[in-house]
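Happy to look at this one together. Here are some questions about how the labels follow from the values.

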2 protein chains.
Amino acid sequence: MRDVDIAEVAELSGVPASTLRFYEEKGLIASHGRRGLRRLFDPGVLDRLALIALGRASGFSLDEIARMFAPDGKPRIDRKMLSAKADELDRTIRRLNAMRDGLRHAAVCPAPSHMECPTFRRLLRVAAAGKMETPKTTKKSRRKL
Amino acid sequence: MRDVDIAEVAELSGVPASTLRFYEEKGLIASHGRRGLRRLFDPGVLDRLALIALGRASGFSLDEIARMFAPDGKPRIDRKMLSAKADELDRTIRRLNAMRDGLRHAAVCPAPSHMECPTFRRLLRVAAAGKMETPKTTKKSRRKL
DNA sequence: CTGCCAGTTCAAGTGAACTTGAGGTCAAGG
DNA sequence: CCTTGACCTCAAGTTCACTTGAACTGGCAG
């Protein structure tokens, strides 16, 4: 199997064809030729897409990810950048942990109103004070909208 | 101090006036009257904003947060919803942990290319397979754009 | 009294990451 | 040969959470 067409890539990767075209336009992936109108990709595009998924999942923007590939196409990942992102992720995780604990508590808190629960109000202060990463919605959940 | 005007609320909460107007339009907060054109808020709006910040930080959308307030204005928070969100947060945290570990490893991995590192490739599979929450950018970092 | 400045409205713009729609093309199957 | 259906392009639309701009208003310092 030398070349895969866009439908196969979509099938194998789970990434919609429209997204693949979009990624190509953005320079994140490259098609290798055409069969008729149909784009043909090198099977390596699947690794590339995995790399992109990893980047997105780690909080990199598509532009940042694009910069992680050398002009020759091979991944040229800046290790310092990875460290920095790991640290950032760490901070996010810590805050989300606090949030989760707070939510968990609020869910079982016996106080008649959440505003009367000291734990809840402490959580509120944390949320209001510390500027936090907003986790935002999932790809999946956004699709539902 | 019975009423606070929008500038004071902005000052005290750190939320820009434009956002306060936007929140009012969305029904997330309510102004109590006017002095001239100027909105006057009840000081309780600060608690409300803290609540909104908490919701956002926990991954709720503004619409979801709006639904957490009864028509009478008092927070009417569904404990089951909180639990569910806490669980969701938990799953997100687990995935982010895996991502962070992977990034951390990739940052120090001695393999000449990341693609040759088994750990990195395992990470890639995780990222490609499990559909993950995308942490996205911070409010702060978005402001910079 | 008057001009300033911080507020006001409403519409439109932003940015990320895609998706959708209209209209077109082409390789292949009947 | 001709239809069909999956792909193509390009532009525009979508969502979320705001921000920005233009045009306007009005309380208050001088």
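Below, each term is set against its definition.

This is a predicted model, in which local features need pLDDT of at least 70, side-chain atom pairs count only at pLDDT 80 or more, and totals for chains, interfaces and linings use all residues. Residues are numbered from 1 along each chain as its sequence is written, chains are lettered from A and ligands numbered from 1 in the order in which they are written, and side-chain values use heavy atoms, with hydrogens and water left out.

Q: Which residues come nearest to DNA strand C?
A: A residue is near a strand if one of its heavy atoms lies within 4 Å of it. Of the 18 residues around DNA strand C, A:Ser18, A:Thr19, B:Ala7, B:Arg21 and B:Arg39 come nearest. Sugar and phosphate make up 83% of the DNA strand C atoms that come within 4 Å of the protein.

Q: How do you know that β1 and β3 of chain A pair?
A: Strands are DSSP runs (E, at least two residues), numbered from the N terminus, and two of them pair if DSSP finds at least two bridges between them. β1(A) and β3(A), residues 38–41, have two bridges in the antiparallel sense, so they meet the rule. In one of these strands' bridges, A:Val4 has A:Phe41 of β3(A) as its partner.

Q: Why are β1 and β2 of chain A at the edges?
A: The open sheet of three strands has the order β1-β3-β2 in chain A. β1 (4–5) and β2 (33–35) each have a single partner strand, so one side of each is left without a neighbour in the sheet.

Q: How do you know that β2 and β3 of chain B pair?
A: Three bridges join β2(B), residues 33–35, to β3(B), and the strands run antiparallel. B:Arg35 stands opposite B:Arg38. In their hairpin, which has two residues between the strands, B:Gly36 takes a positive phi near 70°.

Technical notes
Helices (H or I, at least four residues) and strands (E, at least two) are DSSP runs, numbered from the N terminus.
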